[in-house]
Amino acid sequence: MAKKTLVRGTPAHRSAVLALSLLGAVVVVAAPFVFSGFRTFQFTMAMVWAIAVLGLNLLTGYSGQISLGHSAFFGIGAYTSVILIVDHDVPYLLTLPVAALVCFIAGFLIGIPALRLQGLYLALMTLGFAIAFPPLVRRFESFTGGVQGKSIRSSVMAAPDWMPLSNDQYLYFLVLVVVVVLFTLARFLVRSRVGRALTALRDNEIPATTMGIYPARYKTLVFAVSAMYAGIAGVLYAYVIRFVAPTSFLLTLAIILLAAMVVGGLATVAGAIFGGIFIQFVPFYAEEINQGLSEFVFGSIIIAVMLLMPGGFMEGFRRIRNLVVNVADPPVVPPGAAPPPSATAADEVPATTTAG
Amino acid sequence: MERFIQLVFDGIATGSIYSLVALAIVLIYRSTGLKNLAQGEMAMFSAFVAWQFHAWGLGIWLAAVLAIIASFIGGMALQRVIIRPVQDKSLLTVVIVTLGLFLAFNSLAGGIWGYIIKAFPPLFPSNVISMGAVRVPVANIGVFMVLVVLAGGLAMMFKFTKIGLAMRAVAYNMETSKLVGIRVNNVLMLGWGLACALGAAAGIFVAPKLFLDPFMMFGVLIYAIAAAAFGGLDSPFGAVLAGLIIGVVENLAGSYIGFIGSDLKILVPLFLIVVTLLFRPQGLLGHKYVVRV
Amino acid sequence: MKRTTPRRITAALAGFALVLAACGGDDDSDATPDPEPPADEPADEPADEPADEPADEPADPPATDYEWDGSYPDPGVDDEVIKLGTSGPMSGPASAYGVITSGFNVCADYINGEYGGIAMADGVVRELEYEVYDDGYDPANTVENVRRLNEQDGVFFMTGVLGTPPNTAIIDYVEDEEFPNLFVSTGASRWGRDFQSGEYQWTMGWQPAYTTESAVYVEYLEENHPGSTVAILMQNDDYGRDYVDGFKLSLEGTSIEVIAEQTYEVTDPTVDQQVTELANSGADVFYNVTTPRFAAQAITRVGQLDWDPIHLLNNVSASVGGVLVPAGIEASTGILSTQWFKDPTDPNWDDDPAMIEYRRVMAEYGGGQDPDDPFTMFMWTQCELIKQLLPQTYPTREHLMQNVANLGALNIEIDVLLPGINVSTEPGDGYPLEAMQIVQFNGEFFETIGEPIIFDGQTADMVN
């Protein structure tokens, strides 16, 4: 069959992107009305994970630093929210910006050594942070509830009366709004001067530095933003699960986030959506295959994805798209000319698959 | 004083365990340039294999040797089938593949042998040496000796053998190594095989102390990674020294610093490591590489 | 990583009669007709029963005066099947407990295979279906599994959901949904307390509370070793904390004193340093609140050091094959622990009919479950309970919960429990099992020491 070639930025390409985006939006909005409350809950959790994966991807994918400490930031966000709601009667929506700020600051402080530590050593330091988090939570029991954890009564998180939505649908849309905001912000960030500076640092730090990019400032900033994303995901987790305990935020969570990021697609904003779906649904179906060996199945799936699509699901997605249509970059624009329009098909379309 | 000495001896014993696994991590890093997250789980799996051979009636030393050989072959097979296809991709891709191996080996061991702990037959006499109130089990000394021998052997191999040289070359720069005629793929495969054999030895020697179950190496791996990084990823003696320091320091901190207590003692070595790395990023005994732009 | 687990417990046997006598009067449901002997083993001959007993004419009136109108107001039960469900760790670090969770499949196979199902109080035999899901001990997964059981699968009720954090995470949900979460596999003391206070009416515990077990040790020490000093090693999590808090509370007013405490994290490779420190305290008693691998390490370690304490090993790790034998017979001999069900490895029970039946069922339906594993026996106690509870229950959650709150008034005799240990709840008492037996390892098995120590109706007082 004759394949069409779409050139980025042309009207044809833009309409295709627009059409697919609209379709995606319809599917995403309709999903909670089509599926059961339980499925809606699962989609909501997938979005929560996607935010955390995106945060990690900003750090690792765009700046090349590896963090094994994101389970702790996730936990700090969740705990901040629950403590404020339960012990201080703060309206739950207000806890989101507070927790985001707390995690941003925590990330900033942890990020300072990032000035000196690179790659593996940063990973090591953040690993320590992840390991220390649960014992610290237990140690400061009067504040955190200690080993028993803390829960939010369901009445606190109920949908407002004026909304014709069930609690599950309400939480779904609440999380969806946060997802849209944070993903838009991330796209903006990676295309900004900051994003380009980070990529330059990641790809080759020394020449980038000689060109006037000051590594410390950018690295610390991106670490803080990344921690903030994880923290916000933690807040939303607390809204949905309504229970936090030290056992919920172990090192294994940080490792799974890392795996989901790579499996979704490094250095792609949309890949985080795949990552979130991966965390939520792959273990769920792995258990269907063999209950006793579910982690064997899960591990094998990770390996298989990496062998078949080393670039992650985003690579697989592009391959499938290329079966239908070629997407080409516009001819090189001479220096000084207007920059090419920004939207790319690859970044837009995955929204369609979210609710799948 | 006796308390202090006892804690130091205990620390050296635990530190030997960290060091053994750290050695395998160093070996694989030095021969292939990779970090293998599954190192601990593969060691655990090998220990189970040895346990199984023993359960089938073989003597424990024979079972251990067979398991180490099987691990050598298995490691080469893994490299050929699973690692080679992704070895040219990003480092993180390979690390995630080893994470997949981690989950798979852990779950598989549980599926085959169950989750009830098993006594691993002792490889050393089980008596205890008394020096006043200080007690040192002979097995702890045995593990320490094994550690010294393996670390020494590894260092000699890298330094004095042709294959060791080839491994270092490949890890340092794969492309250049090809140009000078090194069979890169064979060297990488051999590196994995040796690392798995070493890991198997580590698993087998620590199993009598830790007790064998699929989660035996879970905690050890964290310390071993820390030790490997602390010591300098490319230095066998660095890894050994770092593992021992971590073992001793966390024991002393847990006992003598009231606020730390046993629940937060892991933070002390980690803190120590970070501070060290801030001033000596290549690790205690690691080599510093000059980067050309 | 916690192990919340199975401990053994019990309720006293002698207690059964006693309980009936003591509380008979104070309440409407158990003051009513006495438990019907015929209800005893209704599942035994199910095949012919449905024929002569139409659903609307129960032949065995249960212990209460509940009247069923023949409709099914709740999901998960109809004329053909009863659907039950559970969630527990079949992967992840707490997998050792997974045999409890996966064991419910064995339970269903056994009941269906032997009896064609369970004849409920209306006389209709219904086949048992069990949905068993893995949560890896992660509370978020438990929430997901429980919502799946309730909203997708529509099960009648859950049994044996495993672990304290997982059950804490779902307690509000099952309350809001009025979804029975029965006989949870955790010894936290809050289930019974919250049930009897009326705060949480839909979650019911099973095994004796960890606090009960601690109280049993204190009573034993006060009687046999007054004035002794104690050193405690504890896993730093909910389970360890519950044990140790309960222990300290029970110590108040006694001559026993805690002089050293050490904790460990489940990521710690060994507990050598902690045990060295405890030995250094020179305490008379070592209270070992650890999960199996660490328990075995601690036992071996104590044997190596210059310390010979009275060794109390918590019931979580009181497994001959899973802890004591691996740790070494010599080092293990003389260790004290507690039990509430018959130890499958104890040869004294070899000729016990209940044990013979248990082994037969495991051989026939067990599909690889190890009958010597105490966790398998733990599951079996829950299976027996369901097998005896449902025949006295009409197919509504309302009647089910009414019965669950009055187990003492029903006819329930689980014969794998140790003699003297009985199942009983009643208004004001939300703990089904409240007694334990002190046992001592003699090199081969656990020997019972004295009589069971019974705290019937007192567990709630041992909780802060």
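**Contacts between the chains**

Guide: The count between chain A and chain C is five salt bridges, a salt bridge being a side-chain nitrogen of Lys or Arg within 4 Å of a carboxyl oxygen of Asp or Glu. This is a predicted model, in which local features need pLDDT of at least 70 and side-chain atom pairs count only at pLDDT 80 or more, while totals for chains, interfaces and linings use all residues. Residues are numbered from 1 along each chain as its sequence is written, chains are lettered from A and ligands numbered from 1 in the order in which they are written, and side-chain values use heavy atoms, with hydrogens and water left out.

Visitor: Which residue of chain A meets Arg241(C) in a salt bridge?

Guide: The N to O distance in this pair is 2.6 Å. The partner of Arg241(C) is Glu141(A).

Visitor: What area is buried between chain A and chain C?

Guide: The contact, meaning heavy atoms within 4.5 Å, involves 31 residues of chain A and 32 residues of chain C. Buried area is the accessible area (1.4 Å probe) that two parts lose on being put together, summed over both. Carbon and sulfur atoms give 47% of the area here, and the total is about 2700 Å².

Visitor: What area do chain B and chain A bury between them?

Guide: Chain B brings 42 residues to the contact and chain A brings 37 residues, and the count of salt bridges between these two chains is zero. Carbon and sulfur atoms account for 82% of the buried area, which comes to about 3300 Å².

Visitor: Is Lys150(A) buried or exposed?

Guide: Lys150(A) forms a salt bridge with Asp87(A), the closest N and O atoms being 3.2 Å apart. Buried means under 20% relative accessible area, exposed over 50% and partly exposed in between (1.4 Å probe, protein chains only). Asp87(A), at 36% relative accessibility, counts as partly exposed. With a relative accessible area of 13%, Lys150(A) is buried.

Visitor: Which residue of chain C forms a salt bridge with Asp168(A)?

Guide: In this pair the closest N and O atoms are 2.5 Å apart, and Asp168(A) is buried, as is its partner. That partner is Arg147(C).

Visitor: Where does Glu277(C), the partner of Arg3(B), lie?

Guide: The side chains of Arg3(B) and Glu277(C) meet in a salt bridge at 2.5 Å, N to O. Arg3(B) lies in helix H1 (residues 2-32) of chain B, so the pair joins two chains, and Glu277(C) lies in helix H10 of chain C.

Visitor: How many of the 10 residues of H10(C) are buried?

Guide: Helices (H or I, at least four residues) and strands (E, at least two) are DSSP runs, numbered from the N terminus. H10(C) covers residues 272-281 and is largely enclosed by the rest of the structure. Its buried residues include Asp272(C), Val275(C) and Leu278(C), as well as Glu277(C), which has a relative accessible area of 10%. The number buried is eight.

Visitor: What share of the residues of chain C counts as buried?

Guide: The secondary structure of chain C comes to 16 helices and 13 strands. Of the 464 residues of chain C, the share that counts as buried is 68%.
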